[in-house]
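Work through the exercises below with the model at hand. Each task is followed by a solution in steps.

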Amino acid sequence: MKLKATLAAFGLAAVVLGVIFVYSYMAERPTREISYGEFKTLLRGKRVERAVLFKDRITGELTVEDAGSLVAMKDAQLSKSPEKAQKERLFTTRRVEDPRLVDELDRLGVSYRSGFEHTWVMTLISWVAPAGILMLGAFLFFRKMGYGSGTSRLFVEKKSNVTFPDVAGVAVAEEELREIIEFLRNPSRFQNLGCKIPKGVLLVGPPGSGKTLLAQAVAGEANVPFFSISGSAFVEMFAGVGAARVRNLFARAAKKSPCIIFIDEIDAVGKAREGIAVSGAEEHEQTLTQLLTQMDGFDTKKGVIILAATNRPEILDPALLRPGRFDRHIVVDRPDLKGREQIFKIHARNLKLARDVDFKGLAATTPGMVGAEIANVVNEAALLAVRRNKETVQMSDFKDGIERVSAGLEKTNKLINAREKEIVAYHEAGHAIVSLSLPQADPVHKISIIPRGISALGYTVHLPTEDRYLLTQSELLDKITVLLGGRASEEVIFGEVSTASQSDLEEATEIARSMVQTYGMSDKVGPLTFEKGRPLFLDTKYSPLKEYSEHTAMRIDEEVYRIVNQTYQTAKQILASRRLDLEKVARALVEKEVIDRNELDRILVETN
Ligand code: ADP
Ligand code: MG
Ligand code: ZN
């Protein structure tokens, strides 16, 4: 810190000196003293272009040639550069009693004006003001960079007045955060019981789903201080600042425990190390290392919980996700129908609403929207109502608001229409029914047709390799069958398929190929492996080195085709025989968007 203060002082001094130098250079205008007589001669010879009349002197400018001759006359120096001559067009002379001067100037058509006397105050102001402005700028600059005494501004410490009633549609996440709130309210109780409290909790979800809001709500509910910093604020141009910030943040938080440290957009600091651009990579790494060090050295017993948020968990450095760091992940997904209705209500609570406003209806037309987008819709609706000179906000304003907001969304976020919704419902129901019909398939917890949130993709954080497990041949086959269940359902019901299956097919093909090529699970190809140390499937970037003949390559392709095709037929057979179930589940999905396991079981029992 001492070093930095010195640095800052040096920086300031340099800036000030620079200002003075530049200013005095500009202020110095080479002028030539001439006698009043000379002045009058030049004037009568029409050699004066302009004059400024002060109380005790006259300054002015000569016409170009005359400047040269004046120089020659005064210095007997004919070789002056034109540049210099140009500069010396300026003259100054002592004023003597000469009442007819003004008349003369008028007659000769010389432009003149009265000079403003430079008092010492004016001089002072003309010097001090620009220097002051520059110093202020420099001060702000250095403070922003983290030098000097302004360190407390690097992160925001505040009392949060957000609580759970301000958040909706993320009930699962709220439930998981309750334990943490309990702990923050009364840390000693937990410590006495010897409970293990998570140190770091990572909130994962698409942008605008309410991660920041939830973190604030946790602080608000627990009524503890909330230290927040955005990951991008760590990324700095001066070496060591990011790391210093992290240290500073943790030190201050420790003094205020119990409290919450919230690192928003942690991906900005926590990017996997090799992926960083060369410049700033070192700084970045220092910051990340400091963060890890601080987390490791931190004892949960102190009552500090570290929350972080990201919408790109896949790019995080695995070191951040190890046990004892951000090992608890909470998914903050896109809200379902009910959730959207509640979010509409929360954001419209201060509006004057017309009778015809139906939040359920609005929720039904906004699948896939996140909380931030719904907040936007409500805001747009209110603005439209004002523009339309209405007393209250009407349903039509909300509908137009939805139109506006969805027009601005990215293509992948676009709302789906009724027809698409039906296709997606059958597709997802297909996966589910096939899965339920196969003994070795992964259990179904939840089906959703909400446009892909992170969790719907079965979001995978790459945990360290110890967690890898073993899969049998029949498990792999069932996995492929379930993956193909979506497409099979579309074919069985509509007689044609959509583009919805692309990633399913990719994954299915990849697994089938690994079975044949890596795990020796095909009789036709034999118990051979053609790839050494190939990472477990799903790692798409891997490009294998071929160590087999063309003939073998062909047989591998044939076997992959056979496996995928056979499992696809199995999926279709299952769905054709359980068509009634399929339809029931799909219809329920269209209506509710999300079905959990209990509900699914209920629907299926009713059918039979
Ligand atoms: P994220 O951090 O996930 O990108 P934010 O928490 O910053 O999203 O959300 C931005 C704003 O959108 C919030 O301040 C709030 O007004 C609104 N919002 C987002 N999610 C919700 C939600 N689940 N419930 C209520 N409002 C929400
Ligand atoms: Mg946020
Ligand atoms: Zn699918």
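Helices here are DSSP runs of H or I with at least four residues, numbered from the N terminus. The model is predicted.

**Exercise 1. The shell around ligand 1**

Task: Find which helices each supply at least two residues of the shell around ligand 1, and say how the residues of the shell divide by class.

Solution: 

1. Start with the neighbours: ligand 1 is surrounded by 15 residues, and Ala 168, Gly 208, Lys 211, Thr 212 and His 347 are the closest.
2. Assign them to helices. At least two shell residues each come from α9 (211-222), α14 (337-347) and α16 (371-387). The largest share, three residues, is that of α9.
3. Sort by class. The shell holds seven nonpolar, six polar and two charged residues.

**Exercise 2. Polar contacts and cover of ligand 1**

Task: Identify what lies 2.7 Å and what lies 2.9 Å from a nitrogen atom of ligand 1, then state how much of the ligand's accessible area the protein covers.

Solution: 

1. At 2.7 Å from a nitrogen atom of ligand 1 there is a backbone N or O atom of Ala 168.
2. At 2.9 Å from a nitrogen atom of ligand 1 there is a polar side-chain atom of His 347.
3. Turn to oxygen: a polar backbone atom of Ser 209 is 3.3 Å from an oxygen atom of ligand 1.
4. On its own, ligand 1 has 550 Å² of accessible area, and the protein covers 77% of this.

**Exercise 3. Packing of α2 and α5**

Task: Classify the relative direction of α2 and α5, and describe the residues in their contact.

Solution: 

1. Take the geometry. The axes of α2 (residues 36-44) and α5 (residues 101-108) are 10 Å apart, at an angle of about 30°.
2. Apply the cut-off: angles under 35 degrees count as roughly parallel. The two helices, α2 and α5, are therefore roughly parallel to each other.
3. List the contact. From α2 come Tyr 36, Phe 39, Lys 40, Leu 43 and Arg 44, and from α5 come Leu 101, Glu 104, Leu 105 and Leu 108.
4. Sorted by class, this contact has six nonpolar, three charged and no polar residues.

**Exercise 4. Backbone exceptions**

Solution: 

1. Recall the background: most peptide bonds are trans, and most residues other than glycine have a negative phi.

Terms used: Residues are numbered from 1 along each chain as its sequence is written. Chains are lettered from A and ligands numbered from 1 in the order in which they are written. This is a predicted model: local features need pLDDT of at least 70, side-chain atom pairs count only at pLDDT 80 or more; totals for chains, interfaces and linings use all residues. Side-chain values use heavy atoms; hydrogens and water are left out. Axes are lines fitted to C-alpha atoms, for helices over the stretch in contact, and angles run from 0 to 180 degrees between N-to-C directions. Angles under 35 degrees count as roughly parallel, over 145 as roughly antiparallel, 65 to 115 as roughly perpendicular and the rest as oblique. Contact means heavy atoms within 4.5 Å. Ala, Val, Leu, Ile, Met, Phe, Trp, Tyr, Cys and Pro count as nonpolar, Asp, Glu, Lys and Arg as charged, and the others, Gly among them, as polar. A residue is near a molecule or strand if one of its heavy atoms lies within 4 Å of it. A polar contact is a pair of N or O atoms within 3.5 Å; within protein, one must be able to donate a hydrogen and the other to accept it, and residues adjacent in sequence count only if both atoms are side-chain atoms. Accessible areas come from the Shrake-Rupley method with a 1.4 Å probe; for residues, only the protein chains shown count as cover.
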